[in-house]
Amino acid sequence: MALSRLSSTAGRLCSPTPATACSLLHRQLSTASDTITIDISVPFTAHRCDPPPPTITTTPSELLTFFRDMATMRRMEIAADSLYKAKLIRGFCHLYDGQEAVAVGMEAAITKKDCIITAYRDHCLFLGRGGTLEESFAELMGRRDGCSKGKGGSMHFYKKESGFYGGHGIVGAQVPLGIGLAFGQKYLKDESVTFALYGDGAANQGQLFEALNIAALWDLPAILVCENNHYGMGTAEWRAAKSPAYYKRGDYVPGLKVDGMDAFAVKKACQFAKEHALKNGPIILEMDTYRYHGHSMSDPGSTYRTRDEISGVRQERDPVERIRKLILAHDLATDKELKDIEKELRKEVDDSVAKAKESALPDSSELFTNIYAKGYGVQSYGADRKELRAVLP
Ligand SMILES: Cc1ncc(C[n+]2csc(CCOP(=O)(O)OP(=O)(O)O)c2C)c(N)n1
Ligand SMILES: [Mg+2]
């Protein structure tokens, strides 16, 4: 399923296979054209700028869309966990469950002309950009129908045609690349911006400050999004950062601290940041979020933090549950209808896994493609630099 189909446009809630729950909701929503005003959970804290007001207006259909999109992402990551344990996914695999509100809220504020670039925790951002579940699972399992033809795996999802530039394994390295994208956007005067995402661990890297310096000097339309899930692998932020106020770490660059578990707060902050960046240059958004899984599949995630901490966040700040409560409070659907939607999504995820499993492994000739740009005739010499051993495709 392409999440783009579920984007925040009213009336695009239902998947093409009509399900009872979906049509019921559709009937209700067609009469509910009202806008709803929501207080965001935690007011923004600002650095060198006036924060936007802590309220946002939405519609019943956007609320339902947020619910469906985040529940799909949650289910996808749970399925990836099982596939990894069944050894159908090999190598690295970093899951995003807990952080879904960042992907969904950001996507609701921007267009596909805007660019997103991130680190290795990239599956859900790819879905948000319109990637499909099947492409995701195929990539995770190294199959040729994957979004990177099965050659990237979990850390290297891409969808350039809708502004998604990956998927990067070197911590922090995506930020200078993102600033490069923003440079291109300014140069071409196309009124779009780049969101460069990085973690709290990456926030301490030198390259981030070097890139930010250039972005600020040249007023580039760049938004640095620090997804602060409070841990870099097994290291708590307080052990790694003298100042964990990441939204202020740009010093001369403005910043906002945002409740990253509230999709509406994220949406509002991203709208604000886009407007700011187009007029004035870079801004930092610190998203206060949490990952439920360990750092990667080899980390049980419970040795450096308590189980109570994890369950406390689930109970009090879970991004999907927050939207569920809003939908129920505004009588937009019943609990049963929402559960039926989740059942339907679960089936969609399972069907996509089954289809992805049918995809073949890449052909061995693919080992030599997508390594060098075609047509440059890259030559490989022996150690003496005289004997030509191969001309690569
Ligand atoms: C340059 C570099 N150093 C170290 C690593 C190993 N490493 C991978 S993820 C990670 C932690 C990064 O944490 P954070 O930036 O908070 O992102 P999160 O995993 O929490 O999303 C480290 C140290 C790496 N991949 N690249
Ligand atoms: Mg982190």
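Predicted model: local features only at pLDDT ≥ 70, side-chain atom pairs only at ≥ 80, totals over all residues.
The polar contacts of the ligand with the backbone may be taken one by one. A polar backbone atom of Gly 169 lies 3.0 Å from a nitrogen atom of ligand 1. Val 171 places a backbone N or O atom 3.1 Å from a nitrogen atom of the ligand. On the oxygen side, an oxygen atom of ligand 1 is 2.9 Å from a polar backbone atom of Ala 202. Taken on its own, ligand 1 has 590 Å² of accessible area, and the protein covers 70% of this.

The discussion now turns to the metal. Asp 200 (OD), Asn 229 (OD1) and Tyr 231 (O) coordinate the magnesium ion, which is ligand 2, at 2.1 Å. Along the chain, these donors follow the spacing D-x28-N-x1-Y. Asp 200 belongs to the loop between strand S5 (194-199) and helix H7 (206-217), while Tyr 231 belongs to strand S7 (residues 231-232); the pair therefore ties together parts that are 31 residues apart in sequence.

Are these two residues buried or exposed? A residue counts as buried when its relative accessible area is under 20%. Asp 200 is buried because its relative accessibility is 2%. Tyr 231, with a relative accessible area of 10%, is buried as well.

How values were computed: Residues numbered from 1 in each chain as written. Chains lettered and ligands numbered in written order. Heavy atoms only, no water. Polar contact = N/O pair within 3.5 Å; in protein donor to acceptor, adjacent residues only side chain to side chain. Areas by Shrake-Rupley, 256 points an atom, 1.4 Å probe, with all protein chains shown as cover. Donors = N, O, S within 2.8 Å, 3.2 Å for Na, K, Ca; no water. Helix = DSSP H or I, 4+ residues; strand = E, 2+ residues; numbered from the N terminus. Buried < 20%, exposed > 50% of the residue type's maximum accessible area, 1.4 Å probe, protein only.
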